[in-house]
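Work through the exercises below with the sequence and the model open side by side, and try each task before reading its solution.

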Amino acid sequence: MPSPRRNTEGRPLGASASSSSSSPGSPAHGGSGAGRFEFQSLLSSRAPGGDPTCARLRASESPVHRRGSFPLAGTGPSQAPPPALPEDDRMDLNPSFLGIALRSLLAIDLWLSKKLGVCAGENSSWGSMRPLMKLLEISGHGIPWLLGTLYGLFRSDSWAGREVLMNLLFALLLDLLLVTVIKALVRRRRPAHNQMDMFVTLSVDKYSFPSGHASRAALMSRFILNHLVLAIPLRVLTVLWTFIVGLSRVMLGRHNVTDVAFGFFLGYMQYSIVDYCWLSPHNAPALFVLWNQQ
Ligand SMILES: CC(C)=CCC/C(C)=C/CC/C(C)=C/CC/C(C)=C/COP(=O)(O)O
């Protein structure tokens, strides 16, 4: 009687696959031993009547299988081909490179964010810096920016000033809207070490992705750099402020690093939208009607 084919560890191939294939992370599920399982499937592909799970993997890798037929090497004409698998099953057996990369990035993100969260509480290693971090938090908060813009808009006595401030208001509202929608969709919880003691928040602000402060800071600094004539030191200060606001979010424990990075990206892109849709008395006269009547 022929002895069962064995893998590199000397275990029968059929036993290996049937006993471990149902557990997550097992080779058959594309866990850490995925490479080894591929090796097993290569061996068994020459075995008549090999293990069905191995055949599934082998078949999933075959370009012929993707076209719908199922010819197996070494399979006699009397043997019926195994049924074709649904697309989802085949996906389970192959951990995607993207999935592994994302999980690794997430692990690094959590580790780094915890390390950087040195002002997360009064008793943290840099707890004495917390008041300064909270000042930075207020400097990037939506309320002062919105109120300041509204105040400037009604006080402005030039058309050019009103136009810029009207677009600034539009930018701030767009930012609030997009951050709210993304937070509500992604629903990523704030880091566990965060103390929820922020001033004036919306209900979605219990979520952390993306950072609203980071997106607002990036949006505001791009806006300011493009529409205010500033001396070089002030321009440098504006960019510096943006990065310090972002960093302070992680140091306070409010956010993970990826929340802030995406916030920066979002704010940067939002400015491009605002610039593209630039509002003026010519293309949006209704918005400037208040001043037209004066
Ligand atoms: C005044 C006008 C024209 C409109 C008001 C619109 C409005 C609802 C403003 C709310 C502003 C607000 C409470 C913003 C929240 C800012 C905040 C706490 C964001 C969270 O930032 P994060 O970095 O922790 O994600």
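**Exercise 1: a loop and its backbone**

The model is a predicted one, in which local features need pLDDT of at least 70 and side-chain atom pairs count only at pLDDT 80 or more, while totals for chains, interfaces and linings use all residues. Residues are numbered from 1 along each chain as its sequence is written.

Task: Locate Val-200 and describe its phi.

Solution: Next, turn to the backbone, where Val-200, although not a glycine, has a positive phi of about 40 degrees.

Task: Is Arg-187 buried or exposed?

Solution: Arg-187 is found in the loop between H9 and H10, and its phi is positive, about 55 degrees, although Arg-187 is not a glycine. Now count neighbours: Arg-187 has 12 C-beta neighbours inside 10 Å and therefore counts as exposed.

**Exercise 2: a peptide bond**

Task: Which geometry does the peptide bond from Phe-209 to Pro-210 have?

Solution: First find Pro-210 in the loop between helix H9 (159-186) and H10. Then inspect omega, which is near 0 degrees, so that the bond from Phe-209 to Pro-210 is cis.

Note on methods:
Helices (H or I, at least four residues) and strands (E, at least two) are DSSP runs, numbered from the N terminus. A residue is buried if 20 or more other C-beta atoms lie within 10 Å of its own, exposed if 12 or fewer, and partly exposed in between; C-beta atoms are placed from the backbone.
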